[in-house]
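Reader: I would like to go through this model carefully, with the criteria stated alongside the values. Could we begin with the pockets and then turn to the aromatic contacts?

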Amino acid sequence: MDESEREFTTTYGSRYFAKSVPKYEMPKTGMPARAAYQIIHDELNLDGNPSLNLASFVTTWMEPEADLLIMESIGKNYVDNDEYPQTEVIQDRVVNMLARLFNAPNDCKSVGSATIGSSESIMLGLLAHKWTWKKRREAEGKSVDKPNIVMGADVHTVWEKFARYFDVELKLIPLREDIYTITAEDVVAEIDENTIAVGAVVGTTFTGQMDPIEEINTALLEIKKTKGWDIPIHVDGASGGFILPFLIPDLQWDFRLEQVRSINVSGHKYGLVYPGIGWLIFKDKSDLPEELIFNINYLGGLMPNYSLNFSKGSSTIIAQYYNFIRLGIEGYTDIMKNMQENARYLASKLEATGNFKIINKRVIFPLVAVELQNCEFNAFHLSEKLRQKGWIVPAYTLPPNANDIAVLRMVVKESFSKDMVEMFFDDIMESIEKLNQSSEERKEIIDKKENPTLLY
Ligand SMILES: Cc1ncc(COP(=O)(O)O)c(C=O)c1O
């Protein structure tokens, strides 16, 4: 027997650790489970640490009881409704709870879908509006060959994807040098009878700010009255949908507004569930054209389905329901308040250094977007330097026409305590010091080159 395969050989002492791992071709023979696990587990250490990832909005921690439920349901395909009917019941409960959280008229059973994330939800929501527009135009005997959608350049890339994939003209309102959201006047200037919907964001990906939805709604109501164009608003509440109901419940951004007909929200962002869950909620049954609902019978039973993909895991749906009944309104509010407070604390510390201009000044959403000032280096240098310490902080330029502004964005999540803020801040200051030193060194070298006598 090979020495390394002796009975008491440890995993690391086995021959698998002295060989390259198959990368392009499936190996002819396998390996023991323990060795396969360890090799992949060790390779994944090269990934960033999720707890230090301030780049992503996506949840990196859930309670052990949620982890347990997730593992118990990991093998259930959501689409097999006939086999797993209770999962569908749970999905419907979440849809109804969200619809009520977004102030939908609750005289009927709410309509919506669990999706893989806000991207799928946005595609489905806009598709429904395109369909409604088309049906209305056809009934009026009008042309349907030039649908368009109006939104600001502050939208997530998926909105542009929708326009391209579903053949809708994109009317993108550019940002300005100092306003990184859109205005109602911008919207009015772009809409016409072919506008299938207006897109508005609560919690933009770039700066965590909000489009003025109430004002856009008022403007669209006026247009409906004067021109007869009934243009719906789809609200992208990927982040904001789980923030505003808890932190600013009186703010009118949701189904309380007449033209808001659909809302998406990411369960895996501030819904506090691991990646792979989004929600699409319609205000009313009539907002989802019946022709788009497919009734599938080949899994047994009759199953209505409005989704882009077919199979998907059940576990994140169940985890969302766990959070709802475990936390309730009070629990979510407490968590949102902590996150907001920690984000505000971070913003105030950064601002006090004089090196950072806070873009989202009121810090409503628990993130801090900053522009560097009084520095010899740029946001990309600082991002790189922080990465050396393990912190993941993205640097990027804003969309047109604010694209000469480079920002750093720090998303404060549930597990990012005040203590973590302090450690993170110390590392920022140390990184700045090092970058300043190296720019001093760079400057010295340049000075010496320009004035060679200094060399002697
Ligand atoms: C405002 C906004 N909309 C949509 C999305 C896409 O969401 P998802 O990743 O859930 O598909 C994001 C993601 O960051 C976002 O910030």
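Reader: What volume does the second largest pocket have?

Author: The model is a predicted one, in which local features need pLDDT of at least 70 and side-chain atom pairs count only at pLDDT 80 or more, while totals for chains, interfaces and linings use all residues. Residues are numbered from 1 along each chain as its sequence is written, and side-chain values use heavy atoms, with hydrogens and water left out. On a 1 Å grid over the protein atoms alone, a pocket is an open set of points where a 1.4 Å probe fits, with protein on both sides within 12 Å along at least five of seven lines; points are joined across faces, edges and corners, and the volume is the space filled by probe spheres set on them. For the second largest pocket, this volume is about 500 Å³.

Reader: Which helix gives the most to the lining of the second largest pocket?

Author: Lining residues have an atom within 4 Å of a grid point, and the second largest pocket has 26 of them, with Thr181, Gln209, Met210, Arg362 and Ile364 nearest its centre. Helices (H or I, at least four residues) and strands (E, at least two) are DSSP runs numbered from the N terminus, and both helix H7 (213-227) and strand E10 (356-358) supply at least two residues of this lining. The most, three residues, comes from H7.

Reader: Which domains each supply at least three residues to the lining of the second largest pocket?

Author: The bounds come from an automatic or database domain assignment, which gives domain 1 (3-47), domain 2 (64-324) and domain 3 (335-450). At least three lining residues are drawn from each of domain 2 and domain 3.

Reader: How many aromatic pairs are there, by the rule used here?

Author: Rings of Phe, Tyr and Trp (its six-membered ring) pair if their centres lie within 6.5 Å, and planes under 30 degrees apart count as stacked, over 60 as edge-to-face and the rest as tilted. By this rule, the number of aromatic pairs is 13.

Reader: What is the geometry of the pair formed by Phe57 and Tyr270?

Author: Phe57 lies in the loop between helix H1 (33-43) and helix H2 (64-73), and Tyr270 in the loop between strand E6 (260-266) and strand E7 (278-282), so that the pair links parts of the chain 213 residues apart. Buried means under 20% relative accessible area, exposed over 50% and partly exposed in between, with a 1.4 Å probe and protein chains only; Phe57 therefore counts as buried at 8%, and Tyr270 counts as buried at 2%. Because the ring centres are 6.3 Å apart and the planes stand at 85°, the pair is edge-to-face.

Reader: Over which ring does the charged end of Lys418 sit?

Author: A charge sits over a ring if NZ of Lys or CZ of Arg is within 6 Å of the ring centre and within 35 degrees of the ring normal. The charged end of Lys134 sits in this way over the ring of Trp131, 4.9 Å from its centre. For Lys418, at 4.5 Å from the ring centre, the ring is that of Tyr345.
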